[in-house]
Amino acid sequence: MTETEPIDAANQEGSGRCPLDPWDELQYDHRGTRTSHSPHELWRRLREERPVIHSDKYDGFWFVSRYEDVRTVLRDWRSFTSTDGIALPSHAIVMLPGEVDPPLHQQYRALINPLLTKEAIAEHEPWVREMAREWIAKLPENTEFNLTTDFCQPFAKRVALRVIGYPEEDLAALDHWGTLVAHGARSDEEGQQAYAEFFKLFTQALSRRAEEGPAPNLISSLVFGEIDGRRLTDSEQQSMLLEITFGGLDTTSAVLAGALVWLAGHPVDRARLRAEPDLWETAVEEFVRYVTPVSSMARAATKEVKLGGCPVGKGDKILVGYGSANRDTSAFDKPDDVVLDRSPNPHVGFGFGPHRCAGSNLGVLGVRIGLQEFLAAFEHFEVTDYYALRWSQGESRGLQEAPMTARRA
């Protein structure tokens, strides 16, 4: 297990960074096209040669790529706080509960946890399965379609929308403004407009729920829930809804699309999943590891420490490489392959430590049902052009373009 060490100031070199070498010219950028399109070879070399590397992008940060270092940062919230923001560049407001540390973090999480337990999520399975079949039935046979926009996103986003408590007619606007907030500059004029429009939608959704009364959804938990005997303020409600919306709308569809692209090229795995239903539990966790829909998140050092042998100063931002950690050979055998029965599978695809994803059970349900229904509907499917695969940029990484054809069973 990697531990953080206090810095011996007398032994620091130069500006406090690791010794200079050619890697310093890289200026790692998680929002750049190189990282979004083809990150895994870069991450592998960083793990081997420069596991903690500094970048001057976004006012400066350290990128941490090795599995044990990633888990150290995520576990040790006292040394690596979330309160300075979990995104680079930071969002315009604090995102709750992700950008507060324990014990307040658990108090906010307690408002939504009852609706996100494995037992509570299991109750949604009938209508989620019906929704998957509805969208699969719309897909053409023997004609190219975009797997992401024609199935994975409309299915998974509508599942999240219903559990969160939005009406379906809000999806287009949430998608539009949320994409600009997630992948745009955030601080420019367009970013400010996107935030304003995004929060109009939040205000409308919260006000509507306050007028209509309690309901079994997450928005209702924010409107009517209490912390220390008080209701959440309007800004707290909006802040929590921002994080819930980001977490719910894109992650499940990213895993589902990545899993189906893998299965399109691996007929033996398709056959195993059809023949061995006991594989589903480990298989879904493995697809989460393999895809890692949130590839990185930020923390800040609360004191001077050494991380991976590098001196990290108090207040320095740290970008934690979930996607890189999940491909680390020190933690996973054959990490670049999907191993359907991988067990144990200590991946960080849902994060790790106190800030582990609250909605992981919903994500697992959506991926499992989406895959099961797709495999039941189509005897054969394939990617028509691997060169056309295109990924989103930023902290999240998911397929945006995935051309495919399929033949029904």
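Predicted model: local features only at pLDDT ≥ 70, side-chain atom pairs only at ≥ 80, totals over all residues.

**The whole protein**

- The protein's secondary structure comes to 16 helices and 15 strands.
- Along its principal axes, the C-alpha trace spans about 70 × 50 × 40 Å.
- A compact globule with 409 residues would have a radius of gyration near 22 Å, and the protein agrees with that at 21 Å.
- Of the 409 residues, 56% count as buried.
- Take the contacts with a separation of 6 or more: 71% of them are between residues 24 or more positions apart.

**The five-stranded sheet**

- Here we have an open sheet with mixed pairing, and its five strands come in the order E2-E3-E11-E8-E4.
- The edges belong to strand E2 (52–55) and strand E4 (80–81); each has a single partner strand, so one side of each is left without a neighbour in the sheet.
- Helix H3 (residues 67–75) packs on this sheet and touches E2, E3, E4, strand E8 (296–301) and E11. The direction of H3 makes about 125° with that of E11.
- Strand E3 (residues 61–64) pairs with strand E11 (residues 317–321) in the parallel sense, over three bridges.
- If you want to spot that pairing, look for Val-64, whose bridge partner in E11 is Val-320.

**A closer look at Thr-81**

- Thr-81 sits in strand E4.
- Is Thr-81 buried or exposed? Its relative accessibility is 7%, and the cut-off for buried is under 20%, so Thr-81 counts as buried.
- Its side chain makes a polar contact with the side chain of Thr-83 at 2.8 Å, and another with the side chain of Asp-101 at 2.4 Å.
- Neighbours within four places in sequence aside, Thr-81 is in contact with Asp-101, Arg-299, Ala-300 and Thr-302.

**The three-stranded sheet**

- This is an open sheet too, with antiparallel pairing and the order E5-E15-E12.
- Strand E5 (145–146) and strand E12 (378–383) are at its edges; each has a single partner strand, so one side of each is left without a neighbour in the sheet.
- E12 and strand E15 (residues 403–408) run antiparallel and are joined by five bridges.
- Asn-146 stands opposite Pro-403 in E15.
- Helix H16 (residues 360–377) lies across E5, E12 and E15, and runs at about 105° to E12.

**Helix H4 and what covers it**

- Which residues of helix H4 (residues 104–112) are buried? They are His-105, Tyr-108, Arg-109, Leu-111 and Ile-112.

How values were computed. Residues numbered from 1 in each chain as written. Heavy atoms only, no water. Pairing = 2+ DSSP bridges. Helix = DSSP H or I, 4+ residues; strand = E, 2+ residues; numbered from the N terminus. Contact = heavy atoms within 4.5 Å. Axes fitted to C-alpha atoms, helices over the stretch in contact; angles between N-to-C directions. Buried < 20%, exposed > 50% of the residue type's maximum accessible area, 1.4 Å probe, protein only. Polar contact = N/O pair within 3.5 Å; in protein donor to acceptor, adjacent residues only side chain to side chain. Rg over C-alpha atoms; globule rule 2.2 N^0.38 Å.
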